[in-house]
Protein chains: 4
Amino acid sequence: MAERAAWRVTAYRIIFGHDTPAGRGFDVALIVAILVSVVVVVVESVPAVRSRYGAALMTIEWGFTILFTIEYALRLACVRYPGRYATSFFGVIDLASILPTYLGLIFPATHYLLVIRILRVLRVFRILKLVEYVGEADVLMVAIRESRRKILVFIATVLTIAVILGAVVYVIESGTPGFQSIPSSIYWTIVTITTVGYGDIAPQTPLGQGMASVIMLLGYALVAVPTGIVTVELSRVRGSPGGGATCRACGATGHDPDARFCKRCGGQVAVAAVGAASPPIP
Amino acid sequence: MAERAAWRVTAYRIIFGHDTPAGRGFDVALIVAILVSVVVVVVESVPAVRSRYGAALMTIEWGFTILFTIEYALRLACVRYPGRYATSFFGVIDLASILPTYLGLIFPATHYLLVIRILRVLRVFRILKLVEYVGEADVLMVAIRESRRKILVFIATVLTIAVILGAVVYVIESGTPGFQSIPSSIYWTIVTITTVGYGDIAPQTPLGQGMASVIMLLGYALVAVPTGIVTVELSRVRGSPGGGATCRACGATGHDPDARFCKRCGGQVAVAAVGAASPPIP
Amino acid sequence: MAERAAWRVTAYRIIFGHDTPAGRGFDVALIVAILVSVVVVVVESVPAVRSRYGAALMTIEWGFTILFTIEYALRLACVRYPGRYATSFFGVIDLASILPTYLGLIFPATHYLLVIRILRVLRVFRILKLVEYVGEADVLMVAIRESRRKILVFIATVLTIAVILGAVVYVIESGTPGFQSIPSSIYWTIVTITTVGYGDIAPQTPLGQGMASVIMLLGYALVAVPTGIVTVELSRVRGSPGGGATCRACGATGHDPDARFCKRCGGQVAVAAVGAASPPIP
Amino acid sequence: MAERAAWRVTAYRIIFGHDTPAGRGFDVALIVAILVSVVVVVVESVPAVRSRYGAALMTIEWGFTILFTIEYALRLACVRYPGRYATSFFGVIDLASILPTYLGLIFPATHYLLVIRILRVLRVFRILKLVEYVGEADVLMVAIRESRRKILVFIATVLTIAVILGAVVYVIESGTPGFQSIPSSIYWTIVTITTVGYGDIAPQTPLGQGMASVIMLLGYALVAVPTGIVTVELSRVRGSPGGGATCRACGATGHDPDARFCKRCGGQVAVAAVGAASPPIP
């Protein structure tokens with residue numbers, strides 16, 4: 001039993017750890033395998049490639065799926081709380097990365113092909129694991145997480161505006177192709193307000209073009225709002241731990257760069273060099 | 001009379017209040033009703049749906065209109081100053097949400113159909129009520145309100161540039177379809193300067209394409225201005241004396257919203273309510 | 001002579017001043033006249049309108065031109081240094097606003113019509129006067145002026161990138177229509193890097209589409225640079241005179257909001273209330 | 001030997017230096033020559049121009065190539081460490097600016113024409129030298145260099161999202177032209193998420209249009225991230241200890257670049273050279 005624990009600890013260090021040479025080697029091998037398997041799926045979707053190398057690519061895909069299945073089983077086996085891992089963000093993604101191929105096996109009927117494909121495609125989620133490996137992403141993550149609620153309010157506001165203006169444009173451009181229903185007009189409004197502007201649907205009447213101009217200027221000015229939100233949050237996250245200092249009395253962090261006393265307990269804070277957060281360029 | 005006052009107070013608490021379980025239940029039911037009624041209007045505009053379920057959707061729409069009419073009457077009845085409510089922002093929107101359906105009833109003539117539709121569509125404004133329910137929107141509101149005048153100056157400047165450049169492009173691209181008048185050319189300039197770029201109108205001559213390149217680069221750089229404005233205002237609102245506090249000992253301001261002690265002298269800071277800067281919506 | 005001076009002073013107060021009721025009335029009348037005359041030029045360019053109301057609009061245009069000519073003469077007459085006014089920014093614009101109509105008179109030949117039009121169109125510059133009336137524009141002006149050199153470096157960099165990538169795309173997409181020369185390809189690169197994306201020219205080969213993806217992502221990320229520049233400058237301009245303070249010893253301004261001593265002479269600075277720069281919302 | 005050293009020092013001063021009148025004259029002449037040679041390459045690519053002036057432009061191009069070759073040889077001869085120069089950023093660009101024309105000579109076969117052109121086009125990189133001459137670019141360079149890693153994480157995230165959403169859209173819009181493979185769909189997703197929106201590929205099904213709306217809103221909100229990153233870094237570089245100074249008395253940092261006295265204690269601050277943060281380009 002103790003032996004098995006040792007085996008599990010070793011497996012855990014290799015699969016979950018990033019400190020040992022074996023762990024780092026495993027990580028790199030996994031990234032390469034993930035990238036190659038994604039490329040295989042993407043390339044196989046090209047009609048010309050599928051007709052020639054379809055069988056070979058299918059075999060490679062199966063190879064990767066079996067490898068990732070073994071990896072998933074090992075992760076479940078060596079982790080302390082398998083249930084907690086299985087329901088964690090990456091546990092779900094790990095499972096979602098291998099399921100589509102197996103589901104493609106259960107429904108072999110030709111007319112289910114499309115359904116099988118939609119499930120297979122989800123395997124691409126596996127690439128999301130890459131985020132785990134980049135440390136610099138943390139600051140961005142924190143800033144985005146802090147901005148989350150404001151961004152949601154903003155997107156809800158934009159959607160509300162899109163629904164109202166889409167309905168107005170539907171009435172104005174009633175005869176023009178592409179504005180034959182409110183959903184189509186809302187789609188066009190979103191295309192316009194986000195400044196994407198496909199041009200597959202475009203207003204023809206002077207009133208519609210005037211309306212479109214207003215929506216464009218609105219979208220052009222509104223993009224300032226999410227930018228402002230993220231900038232302010234990023235500025236707070238960035239200037240918190242490095243530019244500021246740690247309280248000597250209570251250990252609180254996140255002080256302003258010019259703080260001399262702790263904002264929590266009033267004790268003196270250790271002065272840290274400004275810019276310490278960013279390591280010198282090698 | 002006292003009994004009626006009690007009835008009014010209860011109705012007021014349920015309809016306007018968000019604190020009691022009944023008030024919160026009413027709010028949720030209202031949001032659901034608003035969303036469903038908007039979906040009904042949007043879906044009914046799709047030709048294929050209207051030809052099949054037009055009558056049923058019309059009935060549902062009438063049901064919602066009657067419900068919202070009763071609600072509007074109750075709001076007028078239970079509020080202390082009905083006139084002030086009726087002329088407030090949400091009072092006008094509440095009325096504008098029910099009027100279009102009734103107006104569709106008064107003018108039943110076929111050739112007025114289009115006019116009726118344009119009024120009906122305005123009912124979508126009802127969705128604007130949703131903003132009331134999200135607290136996080138306050139900070140954005142304050143920042144946008146503070147930026148309002150600068151944003152207006154900016155949009156006026158962009159429009160001025162669009163008029164001048166539109167006229168210049170009209171002369172340069174005189175023969176190209178889509179540039180047959182200055183209004184069309186101004187429309188194209190706005191499409192270009194806001195980086196929307198439909199492509200339904202595009203310059204053909206080398207001079208026109210050069211001009212277009214200048215307008216694009218202008219629009220690409222100009223978007224920085226509203227973003228800068230909102231970011232600076234948002235930064236002020238976020239770290240302002242409203243969210244933060246003033247030190248009781250040395251009078252220093254600019255503390256973090258979560259600061260309890262002054263970062264300069266270590267004295268206690270006056271705690272201000274977060275969001276106190278934004279007045280409650282009446 | 002003294003009488004004439006009095007006449008000139010009165011005219012100066014009305015035309016250049018904004019303090020007296022007469023001055024303010026003149027300003028409003030001028031804005032209305034400018035806007036109407038611009039609308040006349042714009043509307044007259046629409047073929048359907050010109051064929052019906054061309055003569056009437058031409059007469060109105062001449063009326064405005066004569067009025068603005070008298071105004072220009074009065075400005076020259078009542079100002080202390082006419083030469084300085086004539087060579088100032090608004091002096092040049094005032095002249096450029098009336099010249100095109102007269103130039104249209106000197107060359108009446110039919111085949112010069114196009115040239116006449118290009119000159120007439122320049123009259124639209126008159127609308128630029130509007131900027132003069134909005135006080136809030138100053139902060140934006142200062143921030144943009146401060147950012148000017150960095151923005152120019154940025155636009156030069158974008159143009160350099162556009163030239164190089166345009167040449168590369170020209171070689172990759174050699175056969176595709178729209179990429180038949182390097183100037184066309186540079187135009188397309190600018191359309192893409194500024195995220196305008198007309199779609200009149202679009203890459204067809206996989207390599208070209210990959211190249212386009214790189215250019216798009218570049219443009220998507222690069223827009224951050226002018227925004228960052230303007231935001232930082234705006235933040236400095238905004239927080240300088242109001243949030244900071246004036247030195248009691250040397251009168252220097254532009255101190256940081258938390259400055260206690262003058263950065264020029266080391267003397268104490270007067271503490272000003274944060275937010276004093278923005279007047280309370282009425 | 002001493003005479004040759006003197007000759008080398010003089011050549012070095014003229015070619016690499018910017019302080020003497022001769023050095024400045026050489027710089028200006030070089031910029032003009034670079035710009036003219038780029039214009040020649042660009043203009044020669046226009047079919048109508050090539051058929052008429054092809055031979056003359058070819059001769060001019062050869063003249064510039066020989067001049068730049070002599071310049072490159074002189075740079076190698078007069079610099080102290082020729083190897084270090086040859087492998088430096090601008091050394092490689094200097095070589096890449098002259099090689100394409102010579103390579104066009106070695107392979108004269110008609111069917112290699114395309115290959116020759118692709119190499120010639122690289123000569124445009126020569127224009128990159130222009131960056132060297134603008135001092136204001138330094139601050140931007142430092143801010144971008146500091147943001148580099150975060151921007152890379154951001155672009156990797158956008159690409160990951162583009163791969164996943166591209167695969168999902170491929171399944172949804174399976175029959176629509178332009179979505180016939182996952183690479184095409186990824187290309188379309190990048191076109192949409194960067195808000196470029198060519199419109200050459202556009203979703204037709206309601207589900208695909210809904211998906212497109214989500215991608216657009218995502219791209220519209222995501223652009224905030226690189227902007228936030230660059231703004232924060234630019235704000236740090238602008239007000240950093242490099243541009244500003246440290247107080248000799250109390251050690252406070254974060255002074256304005258033009259500060260002479262400490263804003264905290266009034267003591268003198270150590271004057272640091274502006275731009276010292278960015279190392280001189282070798």
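This is a predicted model: local features need pLDDT of at least 70, side-chain atom pairs count only at pLDDT 80 or more; totals for chains, interfaces and linings use all residues.
Local features need pLDDT of at least 70 and side-chain atom pairs count only at pLDDT 80 or more, while totals for chains, interfaces and linings use all residues; side-chain values use heavy atoms, with hydrogens and water left out. Residues are numbered from 1 along each chain as its sequence is written, and chains are lettered from A, with ligands numbered from 1, in the order in which they are written.

**Stop 1: the largest cavity**

Select Thr195(A), Val223(A), Val223(B), Val223(C) and Val223(D), which lie nearest the centre of the largest cavity among its 23 lining residues. A cavity here is a set of points on a 1 Å grid over the protein atoms alone where a 1.4 Å probe fits but cannot get out, and lining residues have an atom within 4 Å of a point. Grid points are joined across faces, edges and corners, and a volume is the space filled by probe spheres set on the points. The volume of the largest cavity is about 270 Å³, and the count of cavities of 30 Å³ or more is 8. Two or more lining residues come from each of α9 (206-222) of chain A, α9 (206-222) of chain C and α9 (206-222) of chain D. Helices are DSSP runs (H or I, at least four residues), numbered from the N terminus. The lining divides into 8 nonpolar, 15 polar and no charged residues. In that division Ala, Val, Leu, Ile, Met, Phe, Trp, Tyr, Cys and Pro are nonpolar, Asp, Glu, Lys and Arg are charged, and the others, Gly among them, are polar.

**Stop 2: α9 of chain C**

Next, select α9(C), which has 17 residues and reaches 24 Å from its first C-alpha to its last, close to the expected 24 Å. The expected span is 1.5 Å times one less than the number of residues. Of the 17 residues of α9(C), 12 are buried, so the helix is largely enclosed by the rest of the structure. Buried means under 20% relative accessible area, exposed over 50%, and partly exposed in between (1.4 Å probe, protein chains only). Among the buried residues are Met211(C), Ile215(C), Met216(C) and Tyr220(C).

**Stop 3: Thr195 in chains B and C**

Select Thr195(B), in the loop between α8 (182-193) and α9 (206-222) of chain B. Thr195(B) has a positive phi of about 60° although it is not a glycine, and is buried at 7% relative accessible area. Move to Thr195(C), in the loop between α8 (182-193) and α9 of chain C. Thr195(C) also has a positive phi of about 60° without being a glycine, and its relative accessibility of 8% counts as buried.

**Stop 4: Thr227(A)**

Thr227(A) is in helix α10 (residues 224-239) of chain A and is buried, with a relative accessible area of 3%. Which residues does Thr227(A) touch, not counting those up to four places away in sequence? They are Thr227(B), Thr231(B), Thr227(C), Ala224(D) and Thr227(D), a contact being heavy atoms within 4.5 Å.

**Stop 5**

Select Glu71(B) and Arg75(B), whose closest N and O atoms are 2.7 Å apart. Both lie in helix α3 (residues 47-78) of chain B, 4 residues apart, about one turn of the helix. Glu71(B) is buried at 8% relative accessibility, and Arg75(B) is buried with a relative accessible area of 8%. In chain C, Glu71(C) and Arg75(C) form a salt bridge at 2.6 Å, N to O, and both residues are buried.

Key:
On a 1 Å grid over the protein atoms alone, a cavity is a set of points where a 1.4 Å probe fits but cannot get out, and a pocket is an open set with protein on both sides within 12 Å along at least five of seven lines; lining residues have an atom within 4 Å of a point. A salt bridge is a side-chain nitrogen of Lys or Arg within 4 Å of a carboxyl oxygen of Asp or Glu.
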